[in-house]
Amino acid sequence: MFSIPEQFSAATKANFDAQLALITALTGKAFESVEKFVDLNMTVAKTSLEESTAAAKQLFSAKDPQEFFSLSAAQAQPNAEKAIAYSRHLATIASSTQAEFTKAAETQIAETNRKVLALIEEVSKNAPAGSENVVALFKTAIGNANASYDHLTKTTKQAVEALEANLSTAVTQISQAAVKAAPRAAKK
């Protein structure tokens, strides 16, 4: 049988190890996200440079101002669509990273709560007579904290889902506006 200080010491060490594992996992996910972001930007920069060079050559070959403006307008829609696609890709990276962070944190919190409740159960078995009320109060406090965390998590998920839906709607509307505006710009 362990004494209470040894139990708390073991629990503290286990908690520290779990937090270190969580930090390591989150750091790995952060680096993966940065890597995706850098890859995306490098690809966009390379493609943009190639397309800008081709577009400049095409504009310089225009024979009159009318053709120049017509070519300029024709290039506006693909550029708007590419900007929208880039924004969507960034949003996907950010959303994916946020989801992975949330999952890792939820897993860690659930495991920590399980260990804390197990420790409370073990300590309460060895608690002196008459301390049942204190143990019950402590268990209630832990339960209330877990319920508050669950409510906060659900509310945050709903807010993120609403934000993503609004962003998707806005991108769709901008995309549709760009598609409608391009033919009008080409006519001018």
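The legends below describe close-up views of a predicted model.

Residues are numbered from 1 along each chain as its sequence is written. In this predicted model, local features need pLDDT of at least 70 and side-chain atom pairs count only at pLDDT 80 or more, while totals for chains, interfaces and linings use all residues; side-chain values use heavy atoms, with hydrogens and water left out.

View 1. Helices here are DSSP runs of H or I with at least four residues, numbered from the N terminus. Confidence is highest in helix 1 (residues 4-60), with a mean of 86, and lowest in helix 3 (residues 132-187), with a mean of 74. Where pLDDT is low, the predicted coordinates should not be read in detail.

**View 2. The salt bridge between lysine 29 and glutamate 100.** A salt bridge is a side-chain nitrogen of Lys or Arg within 4 Å of a carboxyl oxygen of Asp or Glu, and the count by this rule is four. In the pair shown, the closest N and O atoms are 3.7 Å apart. Lysine 29 lies in helix 1 and glutamate 100 in helix 2 (residues 65-125), so the pair ties together parts that are 71 residues apart in sequence. Lysine 29 has a relative accessible area of 28% and is partly exposed (buried means under 20%, exposed over 50%, partly exposed in between, with a 1.4 Å probe and protein chains only). Glutamate 100, at 27%, is also partly exposed.

**View 3. The salt bridge between lysine 82 and glutamate 51.** The closest N and O atoms of this pair are 2.4 Å apart. Lysine 82 belongs to helix 2 and glutamate 51 to helix 1, and the two are 31 residues apart. Lysine 82 is partly exposed at 37%, and glutamate 51 is partly exposed at 33%.

**View 4. The salt bridge between arginine 114 and glutamate 111.** Here the closest N and O atoms are 2.4 Å apart. Both residues are in helix 2; because they are three residues apart, about one helical turn separates them. Arginine 114 is partly exposed, with a relative accessible area of 47%, and glutamate 111 is partly exposed at 28%.

**View 5. The aromatic pair of phenylalanine 68 and phenylalanine 69.** Rings of Phe, Tyr and Trp (its six-membered ring) pair if their centres lie within 6.5 Å; planes under 30 degrees apart count as stacked, over 60 as edge-to-face and the rest as tilted. One aromatic pair is counted by this rule. Phenylalanine 68 and phenylalanine 69 are edge-to-face, at 5.6 Å centre to centre with 80 degrees between the planes. Phenylalanine 68 is partly exposed at 33% relative accessibility.

Note on methods. pLDDT is the predictor's confidence in each residue, from 0 to 100.
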